[in-house]
Amino acid sequence: MKAGRIIGLIFALVLFTAIATACGDEGDASGESGDSGDSKETIKIGVLASLTGALEAYGQQTQRGFELGLDYATDGTMEVAGKKLEVVFEDTETDPKVARQKALGLLEDENVDFLVGSSSSGDTLAVTPLAKEYETVMIVEPAVADSITGSEYNDYIFRTARNSSQDAAAAAAAIADEGVKIATLAPDSAFGRDGVSAFVKEAKDLGADIIHEEYADPAATDFTANIQKIIEADPDYLFVVWAGANTPWNQIADMKVQDQGIKITTGAPDIAALSTMKPLVGMEGFTVYYHTLPDNKVNDWLVEEHKKRYDGEVPDLFTPGGMSAAIAIVEALKKTDGDATADKLIDTMEGMSFDTPKGEMTFRPEDHQALQSLYAITLEEKEGYDYPVPVLNRVLSPEETAPPIKND
């Protein structure tokens, strides 16, 4: 009798194991995670950046910041809500056609759950329609053109980068007043024209007169003709919008623009470009980021960890933006318990606040633009630095720099 019961129990155990195994196989076939750590479901993120070419430095800063941000936000596990995070970086070469091609590869071949990028507004505008077509949330970083969250807005786009109007509000506050005459210099690109357009509105609202707008070839290395037209216009201030390695600062100095009574103002750029701005010591302007300006624990971690990983280098202009984009993704996934479907993410991220190296950011529900701090600064000489250092005048709050909603 006992032997019969034992045989029966063994048969039942074998039958149960077979059923459980069959159910497990069926779950794996349907795409559900299996019972081993190696088969854990993965969330894939595709990052588009200018990893070569004129904006290579910006792409590298974004990449480093994004990698550090995922590490920070997941406490080094690269997991959120029990799911692994995998990142695929693609080089747009700062070419909108290439950016679109690379984005299609990420969406169709890699089947990414998120897109992030890119360094150029032109590249980004070529990709944002694909986010809608493929119903995939895209975090825009560091591209700034207003049209991204304005006239070309779609519900799948969220931006951690500041936009041109936020820059403009900070820049105008520094110099614009009743009767002040201002000229502008910018690249003839979406970035340049959007930046000037936004600045002109803010400056005029404060009573300034915009007497000349000058646009140069984005790839130019000789700005003589452009600068000469500005000198002939005889403004009180020259406001410069520029990005890339081919800056106009040396020629502005060589042509003695300031000696002719024209004050220069701009957003303080990355450290490499700051080294070309020695003639502008004493200039008052604004900046998106310099590593000594924010006072919060996220930035403290970023500065310390960046130095550890990159041979003592400090994070640069767009490093915190890459980190902020990564933190936003992880925080959203925590709130959705790992649900990466676009509808769920959009509902979660609209109005979502999250801590970044620049302090708290909030995705404005109306246009998904992150409201954030900028910094009013003066460029000063400091011992031990071979470039003028941005010194904080005051933090410009997210409320002060909140841009107009332009996607109506």
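Reply: R309 forms a salt bridge with D71, and the closest N and O atoms of the pair are 2.1 Å apart. R309 belongs to helix α10 and D71 to helix α2, so the contact ties together parts that are 238 residues apart in sequence. The model is predicted: local features need pLDDT of at least 70, side-chain atom pairs count only at pLDDT 80 or more, and totals for chains, interfaces and linings use all residues. Residues are numbered from 1 along each chain as its sequence is written, and side-chain values use heavy atoms, with hydrogens and water left out.

A salt bridge here is a side-chain nitrogen of Lys or Arg within 4 Å of a carboxyl oxygen of Asp or Glu. Helices (H or I, at least four residues) and strands (E, at least two) are DSSP runs, numbered from the N terminus. R309 counts as partly exposed because its relative accessibility is 36%. Buried means under 20% relative accessible area, exposed over 50%, and partly exposed in between (1.4 Å probe, protein chains only).

Salt bridges with shared partners join K44, E86 and E110 into one network. K44 lies in strand β1 (residues 42-49), while E110 lies in the loop between α3 (96-109) and β4 (114-116); the two residues are 66 residues apart, and the pair links distant parts of the chain. K44 has 16% relative accessibility and therefore counts as buried. E110 has a relative accessible area of 28%, so E110 is partly exposed.

E313 forms a salt bridge with R64, with the closest N and O atoms 3.1 Å apart. E313 is partly exposed because its relative accessible area is 41%. R64, at 14% relative accessibility, counts as buried. The structure holds 16 salt bridges, including those described here.

Strand β1, which carries K44, is part of a sheet. This open sheet is formed by 6 strands in the order β2-β3-β1-β4-β5-β6, with mixed pairing. At its edges stand β2 (79-80) and β6 (157-159), each with a single partner strand, so one side of each has no neighbour in the sheet. Two strands pair if DSSP finds at least two bridges between them. β1 and β4 pair over 3 bridges in the parallel sense, and I45 stands opposite F114 in β4.

Elsewhere, strand β7 (residues 181-187) has 6 of its 7 residues buried, so β7 is largely enclosed by the rest of the structure. Strand β7 runs parallel to strand β8 (residues 209-216), and 7 bridges join them. In this pairing, L185 stands opposite E214 in β8.

These parts belong to a chain of 12 helices and 16 strands. Of its 408 residues, 53% are buried. Taken along the principal axes, the C-alpha atoms fill a box of roughly 110 × 45 × 35 Å.
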